[in-house]
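User: I would like to go through this protein step by step. Can we take it in short questions?

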Amino acid sequence: MTPSVDNPFFARVWPVFAAHEAESVRALRRENLAGLSGRVLEIGAGSGTNFAYYPDAVTHVLAVEPEPRLMDIARQAAAEAPIPVVVTHETAEEIGDVEPFDAVVCSLVLCSVHDQVGVLRRLHSLLRPGGELRYLEHIASAGVRGRYQRFVDATFWPRVMGNCHTHRDTERAIVDAGFEVHRARREWTLPAWAPLPVSELALGRAHRP
């Protein structure tokens, strides 16, 4: 059974963080969605931050957000989105049999799922052959910052940040789930000296063969 999602503290603070995101992160969000078309599945929509950035060629977005407080905020954002967005209270594992999607979007969510490879395999099955996975995700850093990430993951960070685990090899999980990565890079969104464990992001595109 999929664990329920109930993160009241995170649901209060995340919309504030999202509303004040650095322009560098907003630019990465826009790049992650650029060129999409057709039917899109967005996992972990949060407060709906991505909705304003979808291109006009997208005909429908099914956005899943299992945290009920964030889902309510995301539905308000969906009402103002430039393209049709439907927000549902599900997890990726709970999505039933539907028409295959042209693309799946993951933004700062694969750090928080309980079974990363299992979720990615489910997303793989929901894509049409040749469909794309677009991802913008926190990733494990090396060296001192990597050791710091392991420390915060083992202590307070997941408890206060909606089960976010900062030291995950997400790109390896994407490959292990059956995707083929055809474009990827890493970006620093804060100065290297900044104490936050989530300064390094992976931006990439993969597809279902």
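User: Which backbone oxygen lies 3.3 Å from a polar atom of the side chain of Ser199?

Analyst: This is a predicted model. A polar contact needs a pair of N or O atoms within 3.5 Å. The pair at Ser199 lies 3.3 Å apart, and the backbone oxygen is that of Leu196.

User: Where does Ser199 lie among the strands?

Analyst: Strand S6 covers 180-188, and strand S7 covers 200-207. Ser199 falls in the loop between strand S6 and strand S7.

User: Is Ser199 buried or exposed?

Analyst: Buried means under 20% relative accessible area. Ser199 has 0% relative accessibility, so Ser199 counts as buried.

User: Which residues is Ser199 in contact with, leaving aside its neighbours within four places in sequence?

Analyst: Contact means heavy atoms within 4.5 Å. With those neighbours left aside, the list for Ser199 is Arg145, Glu187, Trp188, Thr189, Leu190 and Ala194.

User: How many helices and strands are there in the protein?

Analyst: From the N terminus, the order is α-α-β-β-α-β-β-α-β-α-α-α-β-β. The count is seven helices and seven strands.

User: What share of the 209 residues count as buried?

Analyst: The cut-off is again under 20% relative accessible area. For the protein, the share is 52%.

Key:
Residues are numbered from 1 along each chain as its sequence is written. This is a predicted model: local features need pLDDT of at least 70, side-chain atom pairs count only at pLDDT 80 or more; totals for chains, interfaces and linings use all residues. Side-chain values use heavy atoms; hydrogens and water are left out. Helices (H or I, at least four residues) and strands (E, at least two) are DSSP runs, numbered from the N terminus. Buried means under 20% relative accessible area, exposed over 50%, partly exposed in between (1.4 Å probe, protein chains only). A polar contact is a pair of N or O atoms within 3.5 Å; within protein, one must be able to donate a hydrogen and the other to accept it, and residues adjacent in sequence count only if both atoms are side-chain atoms.
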